[in-house]
Amino acid sequence: MADKDKKSLADLAALTSEPVEAPAAEPAAEDAAAPEAEAAEAETAEAAPEAEAADAPAAETAAPGAPAAEAAAPARSEEREGGRRGRDKEEDLNKDGVLTQGPQIQAILREQQLDKQGRAYATGRRKDAVARVWLKPGTGKIIVNGRDQEVYFARPTLRLIINQVFDIADRKGQYDVVATVIGGGLSGQAGAVRHGISTALTRFEPGLRTIVKREGFLTRDPRVVERKKYGKAKARRSFQFSKR
């Protein structure tokens with residue numbers, strides 16, 4: 001009875017125990033793969049010099065082309081700069097073909113403005129005086145309110161004022177002027193006539209506008225008498241101060 005129990009226990013132990021794998025197979029596989037890896041490394045080492053030798057002629061053939069590429073690069077940059085300059089120059093020209101950028105700006109001539117009788121008309125103002133002026137080619141005669149300039153403006157300084165425009169434009173004795181002026185005194189009227197003559201001359205000869213405008217004759221002089229203030233004798237004159 002005891003022997004049967006021992007055998008059953010032994011059978012049970014045999015059934016429950018796990019089989020142990022044989023470790024001898026793995027070293028054999030590793031030993032077999034080692035020669036194959038060494039052979040692959042040897043082939044790679046042999047192929048490296050061949051690849052270097054094949055790349056060397058390609059680099060030598062590419063080297064002579066490098067100076068040509070470097071020479072072509074400045075040429076392309078010059079072409080781009082030239083095209084850019086050409087476009088900028090075209091943009092600087094307006095529709096009339098006149099340069100509008102830099103120091104080469106030119107004034108576009110205006111059209112001549114004449115009436116049916118071939119005269120240029122303009123209005124001039126100075127202080128409280130207003131002058132209407134008609135200008136046409138002639139011998140330099142100036143009539144103001146139906147009288148000659150020497151009669152109406154007896155003072156030489158006033159006649160000098162109204163003839164300043166012709167002097168700077170080099171047109172003295174080439175135009176006749178008829179003017180009517182009202183308001184103000186003789187000084188203001190002389191300035192108004194000069195303002196009107198300047199505007200009329202630029203309308204008859206638009207090319208003279210730059211010269212006349214540079215001297216300031218086309219600008220209406222805004223200076224007028226300063227108004228009197230209350231509490232003062234004049235605009236700024238005060239009454240005599242009395243301490244007692």
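Residues are numbered from 1 along each chain as its sequence is written, and side-chain values use heavy atoms, with hydrogens and water left out. Because the model is predicted, local features need pLDDT of at least 70 and side-chain atom pairs count only at pLDDT 80 or more, while totals for chains, interfaces and linings use all residues.

Me: How many helices and strands are there in the chain?
Reply: Helices (H or I, at least four residues) and strands (E, at least two) are taken as DSSP runs, numbered from the N terminus. From the N terminus on, the elements run α-α-α-β-β-β-β-α-α-α-β-α-α. The chain therefore holds eight helices and five strands.

Me: How many bridges join S2 to strand S5?
Reply: Two strands count as paired if DSSP finds at least two bridges between them. Strand S2 (residues 129-137) runs antiparallel to strand S1 (residues 120-126), with seven bridges joining them, and Ala-122 has Val-133 in S2 as its bridge partner. S2 also runs antiparallel to S5 (residues 175-182), where Ala-131 stands opposite Val-181. The number of bridges that join S2 to S5 is eight.

Me: Which residue in the hairpin of S1 and S2 takes a positive phi?
Reply: This hairpin has two residues between the strands. The residue with a positive phi, near 55 degrees, is Lys-127.

Me: How many of the residues of H7 are buried?
Reply: Buried means under 20% relative accessible area, exposed over 50%, and partly exposed in between (1.4 Å probe, protein chains only). The expected span of a helix is 1.5 Å times one less than its number of residues, and for H7 this gives 27 Å, which agrees with end C-alpha atoms that are 27 Å apart. H7 is mostly covered, and its buried residues number 15 of 19.

Me: Is His-195 buried or exposed?
Reply: His-195 lies in helix H7 (residues 186-204). Leaving aside neighbours within four places in sequence, His-195 is in contact (heavy atoms within 4.5 Å) with residues including Thr-123, Arg-125, Phe-217 and Arg-220. Because its relative accessible area is 12%, His-195 counts as buried.

Me: Which residue forms a salt bridge with Glu-226, the closest N and O atoms being 3.2 Å apart?
Reply: A salt bridge is a side-chain nitrogen of Lys or Arg within 4 Å of a carboxyl oxygen of Asp or Glu. The partner at 3.2 Å lies, like Glu-226, in the segment after helix H8 (209-214), so the pair ties together parts that are ten residues apart in sequence. That partner counts as exposed at 65% relative accessibility, and its name is Arg-236.
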